[in-house]
Amino acid sequence: MKLSRAFAAAMLAIGIFSWVCSADEGKEARTLVEAAVKYYRGDASVSRVRMTIHRPDWEREMTIKAWTLGKKYSLFYITDPPKDEGNGTLKRGTDMWTYNPKVNRVIKLPPSMMSQAWMGSDFSNNDLAKSDSIIDDYDHRMVAEKSVDGKKVYVVESMPKPMAPVIWGMQKLHIREDHIMLRQEFYDEEMELVKAMTGEQIEMLGGKKFPRIWRMQKADVEGEYTQLEYLELEFKESLPQSLFTVSSLRNPGRM
Amino acid sequence: MILQMGWRNIWRNKRRTAVILTAVIIGVWSMIFLGALMRGFSDRMRQNGIATLTGHLQVHRAGFRNDPVIENRITSPAAVLDALEILPEGARWTPRIRVNAVAGNARHSAGITLVGIDPGREAAVSFIGDAVRQGRYLQQEDPLGIVVGEAFVRKFETRLGNKLVLMSQDANGEIASRAFRIVGIFDAELESTEKQFGFVHIAASRKMLGVGDDICEVAVLLPSHRQVEAAAESLRQRLPEDTYTVETWKDLLPIVRETLEIYDVFIFIWFLAVFIAMGFGLVNTILMAVFERIREFGLMRSLGMLPRLVVVEVLAESFFLLVLGMAAGNLIGLLSVWALSVNGIDLSAFSAGMEFAGMSRIIFPVLVARDIFTANATVFLMGLAVSLYPAVKAARINPVEAMARP
């Protein structure tokens, strides 16, 4: 662990050097983004997350159990409150399904629902389904480097490729030198901030340093945010693919 | 001689004649003018309907109309396009891809109808060819361009040159998404049209949906709307019924069709209502004229005038009143229609309420020869018919009793 981080830091240092010397900035930034995405995702993970949807006049909390495998597969379901228990979402590649135990139906999300909010939060279904698009659909460029709490933080500007089907005009990523994503900002085409996700309270979680709290906040409305707080997080080497199927979406209690 | 008597008689009481003439004139004018307005409404509604991607005829794969998904596309367009050769001279047609899609940018997302068009052909068939107000229309090669409506741009807080991501279901049931740039902004009569449609090049939409050279529909515009039924029938014979449906605008726009039919009846009812009001006035006037002149009719009868001729004389009076009134009414009606046909009547203030039925913001009155004829024939024939009552009354006057009156 420590070794790999040192290695990565060394790689980064080499990268920064080459960025300064040559014009190979894009590749270097891309490597950093890939590393950051890989870092927060791990190979496979099992976690329990408390999601808080905060609005000026109300607040709602739910607890979600989540499994992820690589970048393709993930499965979430709600364990609490009892009213929503069993509601689940399965993601395979860019396809998503939801399951509602009350009507006992699995629905494959049609395109029309992909841009809707997931479970009423500030995350859209697309944020979940296309979370990898940050790597492939964008051209990355290192724009700044600052020091926070004695650690270097790189700021990467990611501009969507001309043909890429992404709605954002730009994303700005704040990545700490140990690959922790501190902040992800989403801009529209006028380069105005639309929403931003911030990672806070970095501590040891599942065997590595990880922000315990993730907060997605819309830029133009005060007091509205969705917060994810990791209650448990465990990184694994692998999980069986059979876990990420429609039938386990129906019966999440089995696991 | 009798006609001359009638003509002179109506001018004996000038005020009464002037009043009844005014009634006839206003009646005829209102029939012509309001008739023309209603025709203007309904014509515009039909034209709007046809220009808004309907055309006179459309060919679909059977089932597409009930379930307009990409699976119900026409998979062998060549067969359909071959069949179109039998269309009459001057007919224009265009192939389209048409699916429901979701358009999104950083702040908004909404469902739209994604229309993949052949820019050259489409311009000759539907409104989009000359509706682009900002930017440009689609070009022959335009893999990234999208043309959307003015109201849509406002709703999405976007502008020319910005990106729009469209998502829809592709041929394999997967989610297809593609980024387009807004190259043109169109204006339409109806705000709902501006919000509903996004136009892209047909090649771009085919590629996005992965459908090869397939199409969803063919729209046909004929030189005259009288040829619609015949053309539809001949196409139906060329295309197997279980695979393709050929529909006319009347099938495609049932609301417009029904509204037009209601208007036809409504115009006639209007004519009748106006006439009934006018008819009572006319009967009353003539009846008064007859009762005033009982001695006179008695004298004429005593001098040997036949009752038949008395009837003719009274009818002649009514005839002159009607003809004068109709002539003036028609003239004023035509003049007012002509005056309004330059600028039309701007209904923008109410347009939000009118849009449901596909009505325009500006109404231009339209004269239909049949309406003018119906209006005049109604007034003339029914006018004479109701005048028969006072005329017969005059003819039945007993000369002895009449002469005995003071």
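Predicted model: local features only at pLDDT ≥ 70, side-chain atom pairs only at ≥ 80, totals over all residues.

Reply: Everything below is computed from it.

Start with helix 7 of chain B, residues 202-209. Which of its residues are buried? I202(B), A204(B), S205(B), M208(B) and L209(B) are. Now look down the axis of helix 7 of chain B. The buried residues fall within an arc of 160 degrees, so they line one face of the helix. An α-helix has 3.6 residues a turn, so residues three or four places apart point the same way.

What covers that buried face? The cover of helix 7 of chain B includes strand 2, strand 3, strand 6, strand 7 and strand 8 of chain B. Just past the helix comes G210(B), and its phi is positive, about 65 degrees.

D142(B) sits in the loop that links strand 4 (132-135) to strand 5 (145-149) of chain B. Is D142(B) buried or exposed? It is buried, because 22 other C-beta atoms lie within 10 Å and the cut-off for buried is 20 or more. Setting aside residues up to four places away in sequence, D142(B) touches H201(B) and A204(B). A204(B) is one of the buried residues of helix 7 of chain B. Along the chain, D142(B) and A204(B) are 62 residues apart. Their C-alpha atoms are separated by 7.5 Å.

Now the strands. Strand 2 (residues 92-104) and strand 3 (residues 109-117) of chain B pair in the antiparallel sense, over 9 bridges. They form a hairpin with 4 residues between them. Within this pairing, V102(B) stands opposite G111(B). Strand 3 of chain B also pairs with strand 8 (residues 197-201) of chain B. Here the two run parallel, joined by 5 bridges. G116(B) has V200(B) of strand 8 of chain B as its bridge partner.

V200(B) leads on to I146(B). Leaving aside neighbours within four places in sequence, I146(B) is in contact with L164(B), F180(B), R181(B), I182(B), V183(B), G198(B), F199(B) and V200(B). I146(B) also belongs to the largest nonpolar core, which has 95 residues. Which residues have the most contacts inside that core? They are A101(B), I146(B), V147(B), L166(B), M167(B), F199(B) and V220(B). By element, strand 7 (residues 175-186) of chain B gives the largest share of the core, 8 residues. A second, separate core has 45 residues, including W249(B), L252(B), V256(B) and F271(B).

How is chain B divided? The domain assignment gives domain 1 (2-49 + 256-404) and domain 2 (55-252). The C-alpha centres of these two domains of chain B lie 49 Å apart.

One more loop in chain B deserves a check. E157(B) lies between helix 5 (150-156) and strand 6 (163-169) of chain B. Its phi is positive, about 50 degrees, although E157(B) is not a glycine. E157(B) counts as partly exposed because 13 other C-beta atoms lie within 10 Å.

Now to the partner chain. In all, 17 residues of chain A are in contact with 18 residues of chain B. On the chain A side, helix 3 (residues 111-114) of chain A gives the largest share, 3 residues. That side divides into 11 nonpolar, 4 polar and 2 charged residues.

Chain A has its own strand pairings. Strand 1 (residues 44-55) runs antiparallel to strand 2 (residues 58-69) of chain A, with 12 bridges. The two form a hairpin with 2 residues between them. In strand 2 of chain A, T63(A) is the bridge partner of R50(A). Strand 1 of chain A is also joined to strand 13 (residues 225-236) of chain A, by 11 bridges and again antiparallel. There, V46(A) stands opposite E234(A).

The peptide bond from D80(A) to P81(A) is cis. P81(A) lies in the loop between strand 3 (73-80) and strand 4 (88-92) of chain A. H179(A), in the loop between strand 9 (170-176) and strand 10 (181-187) of chain A, has a positive phi near 75 degrees. H179(A) is buried, because it has 22 C-beta neighbours inside 10 Å.

Technical notes:
Residues numbered from 1 in each chain as written. Chains lettered and ligands numbered in written order. Buried ≥ 20, exposed ≤ 12 C-beta atoms within 10 Å, placed from the backbone. Contact = placed C-beta atoms within 7 Å. Nonpolar A, V, L, I, M, F, W, Y, C, P; charged D, E, K, R; others polar. Pairing = 2+ DSSP bridges. Core = buried A, V, L, I, M, F, W, Y, C linked by C-beta atoms within 7 Å. Domains from an automatic or database assignment. Arc of directions from axis to C-beta.
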